[in-house]
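Please keep the sequence and the three-dimensional view at hand while reading.

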Amino acid sequence: MSTSVHVLVLGGTTEARELAAVLAAHPGVRVTSSLAGRVSRPGALAGDVRIGGFGGAEGLAAWLDEHGVHAVVDATHPFASGITANAATAASAAGRPLVVLRRPGWRPGPGDRWHPVGSLAQAAELLPAVGRRVFLTTGRLGLAAFAHLTGPHFVVRSVEPPEPPMPPDTELVLARGPFTVTDELALLREHRIDVLVTKDSGGAATAAKLTAARRLGLPVVVVRRPPLPDGVTVVPDVAGALERLGFRAP
């Protein structure tokens, strides 16, 4: 790819941060990272930063034209399906290449007691039959799906305090990762957790809780990822995104 290019990175993940840093280090490359604004104090990012929505696929397509964007990388969370759908529609409408950067999902191993489900609603439906003391790690925006459950005791860990609705019997733990297996074992034991609920976000940074659950023999309700739009180019890591964009990894 030639110099003097503008790449829009739809971010919020570790991979998005890494990709922005590598792209910003290339001479003649402008990178803009777009964040949804769900965390009030995001960490420092290389290049330009834009916070907030675009106004759907039509607004994003107009922004790509207005700001001379040459390529788009969707490096959002695997469960940000609305953003990914808008990115695919907008990139197609604007005639820009789109690369979807998704770290591989987790896979169960020997000793795991996983209960895969297709949605947060299905996780909430299954939960009362699986456990009563729940370590809920589906993100603060997903608590509403469990708000009607009055029986279980929920332990929710979040960087920032979540907003209602949430389950009535909820204990909040404010903490920022990454967490080690030792950390997770201590939390599970301290709170007498008997079931873990999580999304399949993939990656090593948040996998320690799965290892801890396996060691303690705990069941894990795992919410599967939503499907990607048809026809998008998907890469598993930053190196793959750089290759698709025409850059060499450092």
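Proline 165 is found in the loop between strand E8 (153–158) and strand E9 (170–174); helices (H or I, at least four residues) and strands (E, at least two) are DSSP runs, numbered from the N terminus. The model is a predicted one, in which local features need pLDDT of at least 70 and side-chain atom pairs count only at pLDDT 80 or more, while totals for chains, interfaces and linings use all residues. Residues are numbered from 1 along each chain as its sequence is written, and side-chain values use heavy atoms, with hydrogens and water left out.

**Loops and backbone geometry**

Most residues other than glycine have a negative phi, and most peptide bonds are trans. Proline 165 is joined to proline 164 by a cis peptide bond, with omega about 10 degrees. A cis bond also links glycine 177 to proline 178, with omega about 5 degrees. Proline 178 lies in the loop between E9 and helix H5 (181–190).

Arginine 192, in the loop between H5 and strand E10 (195–199), has a positive phi near 55 degrees although it is not a glycine. Arginine 192 is exposed, with a relative accessible area of 56%; buried means under 20% relative accessible area, exposed over 50%, and partly exposed in between (1.4 Å probe, protein chains only).

| Residue | Strand | Relative accessible area |
|---|---|---|
| Histidine 6 | E1 | 4% |
| Serine 34 | E2 (residues 29–35) | 7% |
| Serine 158 | E8 | 7% |

What surrounds histidine 6? Apart from neighbours within four places in sequence, its contacts (heavy atoms within 4.5 Å) include Arg30, Trp63 and Val69. The side chain of histidine 6 makes a polar contact of 2.8 Å with the side chain of threonine 32. A polar contact is a pair of N or O atoms within 3.5 Å; within protein, one must be able to donate a hydrogen and the other to accept it, and residues adjacent in sequence count only if both atoms are side-chain atoms. The histidine 6 side chain also reaches the backbone oxygen of histidine 67 at 2.9 Å.

Serine 34 is in contact with Leu8, Val9, Leu10, Gly11, Arg50, Gly52 and Phe54, leaving aside neighbours within four places in sequence. A polar atom of the serine 158 side chain lies 2.5 Å from the backbone oxygen of glutamate 160.

**Helices**

Helix H3 (residues 81–94) has 14 residues and spans 20 Å from its first C-alpha to its last, close to the expected 20 Å, which is 1.5 Å times one less than the number of residues. Its buried residues are Thr84, Ala87, Ala88, Ala90, Ala91 and Ala94. The buried residues of H3 pack against strand E1 (5–10), helix H2 (56–66), strand E4 (71–74) and strand E5 (98–101). Glycine 95, with a positive phi near 70 degrees, follows H3.

H5 and helix H6 (residues 208–216) pack at about 55 degrees, their axes 8 Å apart. Axes are lines fitted to C-alpha atoms, for helices over the stretch in contact, and angles run from 0 to 180 degrees between N-to-C directions. H5 is therefore oblique to H6: angles under 35 degrees count as roughly parallel, over 145 as roughly antiparallel, 65 to 115 as roughly perpendicular and the rest as oblique. Residues of H5 that meet H6 include Val181, Leu185 and Leu188.
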